[in-house]
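Let's take a walk through a protein model together. Keep the viewer open and look up each residue as it comes along.

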Amino acid sequence: MSFFLRQSLQLTQLLSPKLNFKHRTFATLLDLKPFNSKLSNLMKNGLVDEAQNLFGEMPHRSTVTYNAMIRGYFQNGFYEKAVRLYNQMPSRDAFSYNTMISGLMQHGDVEGAEDVFEKMECRDVVTWNSLISGYVDNDLVGDAVRVFDSMPLKDVVSWNLVIAGLVKVREFDKAEELFRDMVTRDVATWTIMMKAFLDAGRIVESREIFDDMPVKDIQAWNTIIGGYIQNNFVEIAEGLFHKMPGKDSNSWSLMIDAFVSTERNNDALRLFNEAPCKLQKSWNSIVLGFVKNGLVREAHAVLEKSPFGCVVSWTNIMIGYFNMEDVKNAMKVFELMAIRDTTVWNAAIFGLGENDRVEDGVKLAIEMKKDGLALDEATFTSFLTICSNLPSLNLGKQIHAEAIKVGIDCFTAFGNALFTMYFRCGNMDSALLEFNIMARHDIISWNSIICGLAHHGDGEKAIEMFEKMRLSSVKPNQITFVGVLSACSHGGLVAHGKHFFEVMRKEYSLRLTNEHYTCMVDLLGKFGLIDEAMSLMNQMSVDGVEIEASVWGALLGACRVHKNLPGAEIAGEKILELEPFNSGVYLILAEIYLEHGRREKAYSMWVRMKEKGVKKQPGCSWIESNVGGKVFLAGDKTHPEFKSISCALDLIYLEMESRNTKLSVSLSDEYIAGVY
């Protein structure tokens, strides 16, 4: 064997293990590719357990395998598992570091991401961009700009990220300056800057950016169209929409919503029919647009002929009928709905309650429970709202107990409805107890407790609650001050009322409404300050506030108490101009005229009342007994138990007369004994 041949054989033997190792490594990588791909897909679909099982069963794992798992953990919110697996990696590549930086930033661990960045020996532009993107996402735009300025090499993504960050914190001038400094821009760059100008309300500059774009994609067109819509230039947006070379579902949705928002419902419907892809969301928006404009029957007719009707659309039709006080058609829609989820039942129960169909609302709520549907927070809240209008507390207490069982009582909305019900039903102690044990109070909570106390005449307690509210983080609104001023009126707190009237205007800069003036006129009138009340009403006219019947009603009530005939005549006639069928005003004026000996004027009020066909509404009262509630109307002789009720009342009258006689005799005997 020759020397050279021997040398070749020795060299082959020497290299063969290394060649064999490289072959096996390459083969292993090829074998891992389908596994790594499957891992990524499992993680993308949220199947974390399946991905973990596959990872555990793999005989070999590459850096790509670890990267796929770490990225998947971050995507699915398993932050600690991602960090643990990263620390276990036998080797890392640039993608490993970049994935960790992005993931840590995504979960708000800025220091952790910075630590990974600092430990990297070799950083590529993706690494720098990951850090900048993380800073922007965590509202650390200053740090993003600092890192951007120190980058050894920037790509267009780097510029886009930092410009978008500056736009996010509304530093539009700095963003524009960077945009002008860019040598190379892509479609995203132009779109970011265009959106920046739109957000700043600079529609002209935004259009200039759009017109200067060398290439426009669908996103750019959608951005400028959305900007015009946002700034109420719907016709210009419509023109651009028709010029678009290509449209996606978002383009059609933008324009349809724009038509709906400007009450061009027929145009919205036409455009929906032209759209190649029909979005259910757009259809629901169109139906809701018709309903909001009071075109409920038209919307109903369109929906009947359409194949796109769904539970949302039908629910909106039902609510529309309830808002029109057309309970019959609302319930017809409810009964015909193929699918009735909890939201549908809640809307029906609430709608019946709002239309004074309290008993029907209660029956529907009971039927809902029998059908086995889950009662949620809205169900209990609607149910309690209905119970607030019932004379009996029994049903409300039962709902309260049921809510405690299912754990609904911890919600603020339910708590508000609960203590409001107790207030309206006259149970003050329970109302205050429920308010005090609530974990959190919102503006509705404070307003309800203040108005409830005011309604029951506890003015000082209402003001005390208002002062507590002012110490909290919740700011008073107009409704709050209606409650406060009403409390002052009920409690006769004139000085407090004047003070809070000024506080509302000067400290909180809230606009005064008729409700606030009504409270003040009522407060001043109760104490005979008629002239001051009328002066306040004159100021209303000067301030451009239209005086409604409620304000004149407060003045009329004050004049009646203090026998001020001229003031009563002015107030009464003003009310009748606004509400010619208000029977109470005719009767009050007639009563005042009789008190002043002006029988002819009193008679003329009765004649006017008869000529206009105005009838006094009968009084109504409720009595609660062990077998339920009983309703009585004044002058009603059609009650099925009228005779027995009359008999019982006669016995009560006799008993009262007997006791009064005995009391009178007893007092006389005491008087005679005292004399002698």
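We'll start with a helix, then turn to rings, a threonine and charged pairs.

First, some ground rules: this is a predicted model, so local features need pLDDT of at least 70 and side-chain atom pairs count only at pLDDT 80 or more, while totals for chains, interfaces and linings use all residues. Residues are numbered from 1 along each chain as its sequence is written, and side-chain values use heavy atoms, with hydrogens and water left out.

Find helix α35, residues 583–595. Helices here are DSSP runs of H or I with at least four residues, numbered from the N terminus. α35 has 13 residues and reaches 19 Å from its first C-alpha to its last, close to the 18 Å expected; that expected span is 1.5 Å times one less than the number of residues. Its buried residues are S583, V585, Y586, L589, A590, I592 and Y593. Buried means under 20% relative accessible area, exposed means over 50%, and partly exposed is in between, using a 1.4 Å probe and protein chains only. What do those buried residues pack against? They pack against α33 (549–561), α34 (565–578) and α36 (599–611). After the helix comes G597, whose phi is positive, near 75°.

Now for the rings. Rings of Phe, Tyr and Trp (its six-membered ring) pair if their centres lie within 6.5 Å; planes under 30 degrees apart count as stacked, over 60 as edge-to-face and the rest as tilted. That rule gives 22 aromatic pairs. One of them joins F55 and Y66, edge-to-face at 5.5 Å centre to centre with 85° between the planes. F55 lies in helix α2 (residues 48–57) and Y66 in helix α3 (residues 63–75), so this pair ties together parts that are 11 residues apart in sequence. Both F55 and Y66 are buried. F481 and Y508 make a tilted pair, 5.7 Å centre to centre and 55° between the planes. Are these two residues buried or partly exposed? F481 counts as buried because its relative accessibility is 0%, whereas Y508 is partly exposed at 21%. Elsewhere, F419, F423, F435 and W446 form one aromatic cluster.

Next, visit T420 in helix α25 (residues 412–424). T420 has a relative accessible area of 18%, so it is buried. A polar atom of its side chain lies 2.6 Å from the backbone oxygen of N416. Leaving aside neighbours within four places in sequence, T420 is in contact (heavy atoms within 4.5 Å) with S388 and S448.

Last come the charges. A salt bridge is a side-chain nitrogen of Lys or Arg within 4 Å of a carboxyl oxygen of Asp or Glu, and the count comes to 31. In one of them, R505 and E502 bring their closest N and O atoms to 2.7 Å apart. Why are they about one helical turn apart? Because R505 and E502 are three residues apart in helix α30. An α-helix has 3.6 residues a turn, so residues three or four places apart point the same way. R270 and D267 also form a salt bridge, at 3.7 Å between the closest N and O atoms.

Methods: Helix = DSSP H or I, 4+ residues; strand = E, 2+ residues; numbered from the N terminus. Polar contact = N/O pair within 3.5 Å; in protein donor to acceptor, adjacent residues only side chain to side chain.
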